[in-house]
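Biologist: I would like to learn how to read the helices and strands of a model. Please take me through one.

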Amino acid sequence: MRVSELATRENVNWLMPPARRFYGIMSVLLLASLGTVVAALWLGYPEMGLLPWVGLVFGGIVLVMMVLPRNWQRWRLAEIAWDEHHLYLLNGGEDRALALPRAVLVGITRDRKVGHDGQWLDFSLDLGLDEAALADATTLLGLGREGTHEAAPGVYRFGFKRAWHSRRALDRVLATLYPV
């Protein structure tokens, strides 16, 4: 399944960046890169030294990345979504999604923890998966076997870090997925 197809469906809840914060940051980055390119050209003309060239090259690279429409899609940063019947694990960068039945969700751990690679995880999902579904999920999320933790026999814990939400807002969003 593709994440772009899932984005067109109705009644799907997403854990993605809030619109105001996401578009605000994207706008600031766009204006900063444009300002860097203009300043590099303005300050460097007519004798382009090293510093204006550095500003022009790096500002131009960021500017090109910012004007691409795919970078303005919030769902590309989402890692999970859900509806009445399914929980979707997402990889927006590769536009792939894995649909799992909601019954595989055993629990949610809302405590912040340090993951296996030293990153802070905002919450964890405990999923009851068989070996084939576990292999699909770890492949989709780009994890090795060490990226999952077996919380109980057949129940694996997946940590998520890209919430962009405050602790209270994250709890409100996750309450629709798994009420406390």
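**Hairpins, a sheet and a helix pair**

Modeller: E3 and E4 form a hairpin with 4 residues between them, and aspartate 95 in the turn has a positive phi of about 55°. This is a predicted model, in which local features need pLDDT of at least 70 and side-chain atom pairs count only at pLDDT 80 or more, while totals for chains, interfaces and linings use all residues. Residues are numbered from 1 along each chain as its sequence is written, and side-chain values use heavy atoms, with hydrogens and water left out.

Biologist: What do labels such as E and H stand for?

Modeller: They are DSSP runs numbered from the N terminus: helices (H or I, at least four residues) and strands (E, at least two). Two strands pair if DSSP finds at least two bridges between them.

Biologist: How many bridges join E3 to strand E4?

Modeller: 6 bridges join E3 to E4 (residues 96-101), and the two run antiparallel. Histidine 86 has proline 101 in E4 as its bridge partner. E3 also pairs with strand E2 (residues 80-82), in the antiparallel sense over 3 bridges, and a hairpin of 3 residues joins E2 to E3.

Biologist: Is strand E3 buried or exposed?

Modeller: Buried means under 20% relative accessible area, exposed over 50%, and partly exposed in between (1.4 Å probe, protein chains only). In E3 (residues 86-91), 5 of the 6 residues are buried, so the strand is largely enclosed by the rest of the structure.

Biologist: In what order do the strands of the open sheet stand?

Modeller: In a regular strand the side chains alternate between the two faces of the sheet. Here 4 strands form an open sheet in the order E5-E8-E10-E9, with antiparallel pairing. E5 (105-109) and E9 (149-152) stand at the edges with a single partner strand each, so one side of each has no neighbour in the sheet. Strand E8 (residues 123-128) pairs with E10 (residues 155-160) over 6 bridges; leucine 125 has phenylalanine 158 as its partner in E10.

Biologist: How are H2 and H3 placed relative to each other?

Modeller: Two packed helices are described by the angle between their axes and the distance between the axes. For H2 (residues 19-44) and H3 (residues 50-67), the axes come within 8 Å and cross at roughly 150°. H2 and H3 are therefore roughly antiparallel (under 35 degrees counts as roughly parallel, over 145 as roughly antiparallel, 65 to 115 as roughly perpendicular and the rest as oblique).

How values were computed
Axes are lines fitted to C-alpha atoms, for helices over the stretch in contact, and angles run from 0 to 180 degrees between N-to-C directions.
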